[in-house]
Amino acid sequence: MVSKQEGRDDGPSGLLRAVHVFWSTLDVLVVAMFIGMLVVMFVQVASRYALGIGVPWTDETSRFLFIGEIFFGAAIAQRYGAQIRITVLLDVLPDRARLALETLADILMAVIALLVAYGAVGMAQRTSSVTASTLPISFSYLYYVQATGLVLLVLLVLRDIGARIAGKRGSEARS
């Protein structure tokens, strides 16, 4: 007989742990993409200027890594509430108007992100047989990365809208 204290992973605590593992893994993946891009760019610059030869795969590799960083990084920034916003107008509005405008801006961002994600899935389907010129990678992966990052972003924006409506603030809404 297994007691609840012996580590059964059903229920909310197991789900919360899985979500934490997911976000931790995504954080590590984005950092790895950034470091990978730095290494590839160093190889590109060093080989071109120090050795006088171009390494053909470095340009596409760095571009692919950068695309992953952008779209997964946008979701991570939303998760931590670190998206850049110009708040000059919001800062002078009364609380209710500020909340309404923030919610409207989030809804607009979610709609645009969903439309771009939809387009990315369409492009992924159309480019499934097209490979990169220097790498044996289908271009469809790039579009699926974009769509995945944008869907994560939309889910987090919806979380933030719900928290705002429920009256939670800042880090309280992100926990």
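Let me begin with the packing of helix 4 against helix 5. In this predicted model, helix 4 covers residues 95-126 and helix 5 covers residues 139-166. Two packed helices are described by the angle between their axes and by the distance between those axes. For helix 4 and helix 5, the angle is about 160° and the axes lie 8 Å apart. Helix 4 is therefore roughly antiparallel to helix 5, since an angle over 145 degrees counts as such. As for handedness, helix 4 passes helix 5 in a left-handed crossing.

Which classes of residue make up the contact of helix 4 with helix 5? There are 21 nonpolar residues, together with four polar and three charged ones.

I turn now to helix 2, which comprises residues 57-79. Where does helix 2 bend? The bend is at Gly 73 and amounts to about 25°. A further glycine, Gly 81, follows helix 2, and the phi of Gly 81 is positive, near 70°.

Finally, I place these elements in the context of the chain. The secondary structure of the protein chain consists of six helices and zero strands. Read along the sequence, the pattern is accordingly written α-α-α-α-α-α. The protein chain has 175 residues, of which 31% count as buried.

Terms used. Residues numbered from 1 in each chain as written. Predicted model: local features only at pLDDT ≥ 70, side-chain atom pairs only at ≥ 80, totals over all residues. Heavy atoms only, no water. Helix = DSSP H or I, 4+ residues; strand = E, 2+ residues; numbered from the N terminus. Expected span 1.5 Å × (residues − 1). Bend = angle between axes of the 7 residues up to and from the residue. Axes fitted to C-alpha atoms, helices over the stretch in contact; angles between N-to-C directions. Parallel < 35°, antiparallel > 145°, perpendicular 65-115°, else oblique. Left-handed = near helix turned anticlockwise from the far one by under 90°. Nonpolar A, V, L, I, M, F, W, Y, C, P; charged D, E, K, R; others polar. Buried < 20%, exposed > 50% of the residue type's maximum accessible area, 1.4 Å probe, protein only.
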